[in-house]
Amino acid sequence: MEEGRLTSVDAARAWLHEFANAFLPQKINIQQIKALFLEAGWLRDNLVFTWTHRSLCGHDAIEAYLSGTSKRIEIYSVALDESYGRKVSLDPHTNILEATFVFETPIAYGRGHVLLQSQDKAWKALSVYVAMTDLKDHEEMRVPNDITAGEEEAARRKIETDPHVLIIGAGQTGLNNGARFRKMNIPTLLIDRSSAIGDVWRNRYPSLTLHTNSLHHTLLYTRHPPTVPRFIVKDEVAAMLEKYAHDQGLTVWLKSTLLPRPTYDAITKRWTVHVSRDGQEVILHPFHIVLATGIFGTPYIPHITGSETFFGDITHTTNFKGPEPYANKNTIVIGASQSAADICRDLATHGARSVTMIQRSRTVVVSESVVNPQMNRLWREDVDPLISDFYVASMPLGLLKQILIAKKDERVAQQKDMLEGLKKAGLHVHEGEDGAGHLYEVFRRGSGTVWIDKGTIDLIIQDKIHVRHGIEPVHFTPKEVIFSDGTAMSADLVIFATGYEPAVIAASKLFGEDIARLITPIWGLNSEHESRRSYTPSGHPAIWWAIGDFMYSRYYSKSLALQIKAREIGLVGQEELRNLQT
């Protein structure tokens with residue numbers, strides 16, 4: 001081992017030794033713990049000290065948090081771990097030392113990650129991430145591969161009659177969670193309104209592809225074959241999901257929906273739910289309902305007067321079936337999201353007479369050449385995706401925001417020509433809240449205000465796609481759209497890229513307003529820069545939101561499974577449960 005790395009390893013071990021000593025059973029020393037952090041250091045906790053996700057910045061916040069959770073802050077068997085994808089390393093440019101470690105608590109095994117900086121000749125934590133990885137005696141099990149067809153059918157029927165968890169939605173999020181729950185021995189039934197698994201992708205616009213590299217989009221416990229393209233097209237995603245459900249042995253009901261107003265019995269801790277399964281009503285009594293239907297509700301098209309008189313087509317991006325019928329036609333896309341950008345590109349490259357994008361506010365636009373090198377560094381061919389996921393999760397989003405703000409000028413300079421060209425063309429772009437860029441904006445507001453470019457920008461700069469900013473459609477005539485500034489545009493097609501109804505509307509329709517108020521809003525970030533209600537307590541003890549992209553469900557499905565299993569075996573007391581719901 002070279003001398004520099006030896007010194008780094010020694011420094012990491014010494015810091016971890018002090019960290020472990022501060023958590024000695026019966027001798028927990030919160031002042032000593034606090035002193036191990038920089039004044040503006042971060043602690044991110046994934047189920048270790050409380051049954052949720054928390055991010056604390058600064059000595060006072062860390063002290064208050066640990067003082068308030070003193071019953072659960074016992075940690076022992078802390079040890080450096082260089083076998084989990086990364087070895088101890090020191091970045092000479094930032095003076096940041098990085099190390100991974102393992103530990104135990106009385107009920108669980110855990111893994112942590114620390115970033116250290118030298119201050120006054122002592123190493124202090126810039127950030128510490130601690131995550132529960134398994135509950136003792138309830139670790140993920142190996143699903144037997146010698147099960148007979150009869151045994152498999154009996155297990156499926158038992159799940160169908162008495163599921164402990166009902167997952168609504170069998171897209172990638174529902175399937176990742178279903179696979180995780182199966183390994184955690186949590187009987188789970190998935191239901192989906194589609195006719196086939198993967199239809200949520202299969203039925204989208206023809207040119208849809210994933211906008212980041214395929215390594216970011218693996219499903220839990222799997223790796224893509226080498227023949228998979230770098231950017232996976234929608235039909236391949238659909239086929240991948242269908243095969244995955246079969247290979248993982250998941251129990252899925254298709255053409256099935258949860259009917260409104262399920263009821264919850266706080267004594268038995270079970271739901272009474274009515275499911276319409278291919279036209280037949282079935283009653284089930286799960287302990288938990290997991291909503292894996294995305295961030296939003298149904299597609300939203302604003303009501304605009306005169307729409308019934310319009311001779312052309314009016315549709316939403318979710319129903320756009322391709323550009324071919326609109327060759328030599330005038331087309332308008334209302335919105336400037338990822339879907340809007342993709343569809344404008346499709347129309348412009350397939351012979352539409354005119355394509356106009358109506359940008360109502362501002363958009364964060366980022367070049368593929370900026371995004372994909374970042375993604376390639378995070379998810380590499382030679383590293384298990386779950387290991388990469390751990391390191392991405394280890395970064396508190398509040399700290400990530402600070403880092404991204406510091407890199408704003410570099411990022412803008414890298415895209416200078418693109419951004420100037422868009423500005424001249426009339427598109428209003430920005431760098432997200434406080435200049436933090438696209439990545440933080442996705443967590444803060446969702447993907448609707450961000451697009452990763454795959455060719456639309458060049459078409460805008462070349463004036464093959466026109467942009468109008470700051471106006472709204474207010475009226476249709478038979479052949480025109482009238483806008484809020486009084487101007488009119490001829491149109492044969494109007495596509496609304498206007499997103500979806502807020503989740504509270506869908507939740508109200510399903511559970512009623514009282515429960516909907518408890519379990520919304522969702523996504524976005526709270527004051528600690530943690531995602532609201534995503535894989536954490538929702539406000540109702542038996543409703544959970546599973547939200548986010550492939551990585552999010554691949555990684556945080558374990559967190560959700562651990563929370564449900566902990567309730568199942570009685571590890572979460574009633575007082576703590578009440579505190580979590582508030």
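H5 spans residues 172–183 and H7 residues 234–247; they pack at about 20°, axes 11 Å apart. I take axes as lines fitted to C-alpha atoms over the stretch in contact, with angles from 0 to 180 degrees between N-to-C directions. Helices here are DSSP runs of H or I with at least four residues, numbered from the N terminus.

The model is predicted: local features need pLDDT of at least 70, side-chain atom pairs 80 or more, while totals for chains, interfaces and linings use all residues. Residues are numbered from 1 along each chain as its sequence is written, and side-chain values use heavy atoms, without hydrogens and water.

Next I looked up H18. H18 covers residues 550–568, 19 residues in total, and reaches 27 Å from first C-alpha to last, close to the 27 Å expected at 1.5 Å a residue. That expected span is 1.5 Å times one less than the number of residues. I noted a bend of about 40° at Tyr556, taken between axes fitted to the seven residues ending there and the seven starting there. Of the 19 residues of H18, 18 are buried, so the rest of the structure largely encloses this helix. Buried means under 20% relative accessible area, exposed over 50%, partly exposed in between (1.4 Å probe, protein chains only). After H18 comes Gly570, with a positive phi near 80°.

Last, I checked Trp15. Trp15 sits in H1, residues 3–22. Trp15 is buried, at 3% relative accessible area.

Notes:
Helices (H or I, at least four residues) and strands (E, at least two) are DSSP runs, numbered from the N terminus.
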